[in-house]
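User: I am new to this structure. Please take me through it in short questions and answers.

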Amino acid sequence: MKKIIFLSLLLISTLAFAFDTIRINDKILTVGDSVARMLEIAGTPDAQGQIFNQYGGVIGQSYVYHTNGKTITFDVKSGKVTRINEQY
């Protein structure tokens, strides 16, 4: 039973990856880069949303790109990229 649960979690964990860097075309974008650099490299997002804290206050923005069969999400707080999530 434990083996089945372990294998299920392992499979799920391979579907989404969080990275500190990502390559888009021939340029590298890293956590800590500015929003302006992100938009310059990645272009216009397919979707944009807000990130809320536990009290409902806005603490950042989320930029979503759909490309090559995957979804890339950039979380931005205080004008800097704080998280890069790539989902297949």
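This is a predicted model: local features need pLDDT of at least 70, side-chain atom pairs count only at pLDDT 80 or more; totals for chains, interfaces and linings use all residues.

User: Which residues touch the most other members of the largest nonpolar core?

Analyst: A nonpolar core is a set of buried Ala, Val, Leu, Ile, Met, Phe, Trp, Tyr and Cys residues joined through side-chain atoms within 4.5 Å. Buried means under 20% relative accessible area, exposed over 50%, and partly exposed in between (1.4 Å probe, protein chains only). The largest core has 13 residues, and those touching the most other members are Ile-22, Met-38, Tyr-63 and Phe-74.

User: Which elements give two or more residues to this core?

Analyst: Helices (H or I, at least four residues) and strands (E, at least two) are DSSP runs, numbered from the N terminus. In soluble globular proteins, nonpolar side chains tend to be buried together. Here the elements giving two or more residues are β2 (21-24), α2 (35-42), β5 (58-67), β6 and β7.

User: Which residues does Tyr-63 touch, leaving out those up to four places away in sequence?

Analyst: Contact means heavy atoms within 4.5 Å. Tyr-63 is one of the core residues that touch the most other members. Its contacts, with residues up to four places away not counted, are Val-35, Met-38, Leu-39, Pro-45, Ala-47, Gln-48, Ile-72, Thr-73, Phe-74 and Val-76.

User: How many salt bridges does a search of the whole structure find?

Analyst: A salt bridge is a side-chain nitrogen of Lys or Arg within 4 Å of a carboxyl oxygen of Asp or Glu. Among them is the pair Asp-33 and Arg-37, with closest N and O atoms 3.5 Å apart. The search finds three.

User: How many residues apart in sequence are the parts tied together by Lys-70 and Glu-86?

Analyst: The side chains of Lys-70 and Glu-86 meet in a salt bridge at 2.7 Å, N to O. Lys-70 lies in strand β6 and Glu-86 in strand β7, so the pair ties together parts whose separation in sequence is 16 residues.

User: Is Asp-75 buried or exposed?

Analyst: Asp-75 forms a salt bridge with Arg-83, the closest N and O atoms being 2.8 Å apart. Arg-83 has 36% relative accessibility, so it counts as partly exposed. Asp-75 has 12% relative accessibility, so it counts as buried.

User: What is phi of Asn-68 near?

Analyst: Asn-68 is found in the loop between β5 and β6. At 73% relative accessibility, Asn-68 counts as exposed. Its phi is positive in a residue other than glycine, near 50 degrees.

User: What separates the C-alpha atoms of Ser-78 and Gln-61?

Analyst: Ser-78 sits in the loop between β6 (70-77) and β7 (80-87). Its relative accessibility is 78%, so Ser-78 counts as exposed. Phi of Ser-78 is near 55 degrees, a positive value. Gln-61 is 17 residues away along the chain, and the C-alpha separation is 9.1 Å.

Methods. Residues are numbered from 1 along each chain as its sequence is written. Side-chain values use heavy atoms; hydrogens and water are left out.
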